[in-house]
Amino acid sequence: MLTNAKRIVIKVGSSLITDEANAARESWLKSLAADIAEVRKNKEVIVVTSGAVALGRAALDYGKRTLELEEKQAAAACGQITLFSLWSAALGTQSLKPAQILLTADDSINRQRYLNARTTIETLLENKHVVPIINENDTVATAELRFGDNDRLAARVAQMSGADLLILFSDIDGLYSSDPNQNPDAKFIDEVKDITPDIERMAGGAKTAVSSGGMTTKIEAAKIATAAGCNMIIARGEVEHPLKKLQDGGKATRFVAHGTPKSARKHWIAGSLHPAGNVTVDDGAAKALSAGKSLLPAGVVAIEGRFERGDAVFIRDGKGNLLGKGLIAYNSTDAKKILGKKSQEIETILGFKRRDVLIHRDDLVLE
């Protein structure tokens, strides 16, 4: 999985960032940064990190007791600065720069925020010296909006970014048939092809005061990731150079996705989104679409309906025949202004340019 992956999301748990006294494990973090630098040579890497609350506990003398929501928010406010400084220092030893992104659950639900976050990640990944570092925005998230753990946040990020591999590094090395700490005969599960009720029953709860996840949340993350065409790995991350160890065949549980991120996205567009409008194209554009091309503004002759950037629209030919469905890159007002125009004219007409195309071929499903 790791060898063939092109875009990887790596999730790092709180118990790896800090020790039992909530002190930072700087040497370990530098070893992971060295692994990331090596992998970054031919793959794209996104990091989802925990640790802000754990680091903030020490600053506020909260100890290991269970925290109320407002106390977690206060701890996150103190700890996030330290957390990002640690990542900056660790990646800096490899001549890499971190880019901080804080997300709430609402950012994965609200369509415009989702698109903005995805575009930001895509832009950052174009720079070979930058590593996006993502954490939940605990300081503003409410109980209703929280992801609740960074396992599921990592899965949402993998889904959002079109990653083909999600790695969850934690203090456990994978999935067992039962708790190995209580049952010495527990069987290790090295590969999961389908998440069945039996697999779900194998999951347990969070094990430490600083950790909000556990095997249950990892199984939930696996559901999200594999449904998005993204393979997932659970591996122990406590040793130094955990990514290298995984590459060398280290023990791990692998969850197999059915399909690819691209095929999963196409399936989602085809079956899950209700179109908000119609885009009528000329014969030349219709022919280009059938040949696997994107839809350019120049090939559009009419636009109907009211829609926002990222909404689904029907694509029809001049006779009204349905050609397909796609996600449009401009809202209806802007799309009407640039229909029939060349891509190089978009910025002059609108004062900005999001994309050269109206609908990218990766966001398009033909009948």
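1. Asn22 sits in the loop that links helix H1 (14-17) to helix H2 (26-39). Keep in mind that this is a predicted model. The phi of Asn22 is near 65 degrees, a positive value in a residue other than glycine. Most residues other than glycine have a negative phi. Is Asn22 buried or exposed? With a relative accessibility of 7%, Asn22 counts as buried, because the cut-off for that class is under 20%.

2. Asp61 belongs to the loop between helix H3 (52-60) and helix H4 (69-92). Its phi is near 55 degrees, again a positive value in a residue other than glycine. Asp61 is exposed, its relative accessible area being 70%.

3. The helices on either side of the Asp61 loop, H3 and H4, pack with their axes 6 Å apart and at an angle of about 110 degrees. H3 and H4 are therefore roughly perpendicular to each other, since angles of 65 to 115 degrees fall in that class. From H3, the contact draws on Ala52, Val53, Leu55, Gly56, Arg57, Ala59 and Leu60. H4 contributes Lys72, Ala74, Ala75, Ala76, Cys78, Gly79, Gln80, Thr82, Leu83 and Leu86. Sorted by class, this H3 contact with H4 has 11 nonpolar, four polar and two charged residues.

4. The axes of helix H6 (residues 111-125) and helix H7 (residues 150-161) come within 9 Å and cross at roughly 75 degrees, so H6 and H7 are roughly perpendicular to each other. Which residues of H6 meet H7? They are Tyr114, Ala117, Arg118, Ile121 and Glu122, and they meet Gln159, Met160 and Ser161 in H7. By class, the contact of H6 with H7 has four nonpolar, two polar and two charged residues.

5. On to the nonpolar cores. In soluble globular proteins, nonpolar side chains tend to be buried together. The largest nonpolar core here has 39 residues, and those with the most contacts inside it are Val12, Ile36, Trp87, Ile167 and Phe169. Leaving aside neighbours within four places in sequence, Val12 is in contact with Ile17, Trp28, Leu32, Val47, Val48, Thr49, Ser50, Trp87 and Phe169. Apart from that core lies another, of 37 residues, with Met160, Leu175, Ala221 and Phe255 among them. Met160 is also one of the H7 residues that meet H6.

6. Strand S9 (residues 231-236) has five of its six residues buried, so the rest of the structure largely encloses it. S9 runs parallel to strand S5 (residues 165-170), and six bridges join the two. In that pairing Phe169 stands opposite Ala235 of S9; Phe169 is also among the residues with the most contacts inside the largest core. S9 is joined as well to strand S10 (residues 252-255), by four bridges and in the antiparallel sense. Here Met232 stands opposite Phe255 in S10, and Phe255 is one of the residues of the 37-residue core.

7. Then there is an open sheet of five strands, in the order S12-S11-S13-S14-S15, with mixed pairing. What are its edge strands? They are strand S12 (300-305) and strand S15 (364-366), each of which pairs on one side only. From one strand to the next, the twist averages 20 degrees.

8. S11 pairs with S12 in the antiparallel sense over five bridges, and with strand S13 (residues 312-316) in the parallel sense over three bridges. Val279 has Ile303 as its bridge partner in S12 and Ile315 as its bridge partner in S13. The partner of Asn278 in S12 is Glu304. How many of the residues of S11 are buried? Five of its five are, and S11 is mostly covered. Both faces are covered, with Gly277, Val279 and Val281 on one side and Asn278 and Thr280 on the other.

Notes
Residues are numbered from 1 along each chain as its sequence is written. This is a predicted model: local features need pLDDT of at least 70, side-chain atom pairs count only at pLDDT 80 or more; totals for chains, interfaces and linings use all residues. Side-chain values use heavy atoms; hydrogens and water are left out. Buried means under 20% relative accessible area, exposed over 50%, partly exposed in between (1.4 Å probe, protein chains only). Two strands pair if DSSP finds at least two bridges between them. Axes are lines fitted to C-alpha atoms, for helices over the stretch in contact, and angles run from 0 to 180 degrees between N-to-C directions. A nonpolar core is a set of buried Ala, Val, Leu, Ile, Met, Phe, Trp, Tyr and Cys residues joined through side-chain atoms within 4.5 Å. Contact means heavy atoms within 4.5 Å. Angles under 35 degrees count as roughly parallel, over 145 as roughly antiparallel, 65 to 115 as roughly perpendicular and the rest as oblique. Ala, Val, Leu, Ile, Met, Phe, Trp, Tyr, Cys and Pro count as nonpolar, Asp, Glu, Lys and Arg as charged, and the others, Gly among them, as polar.
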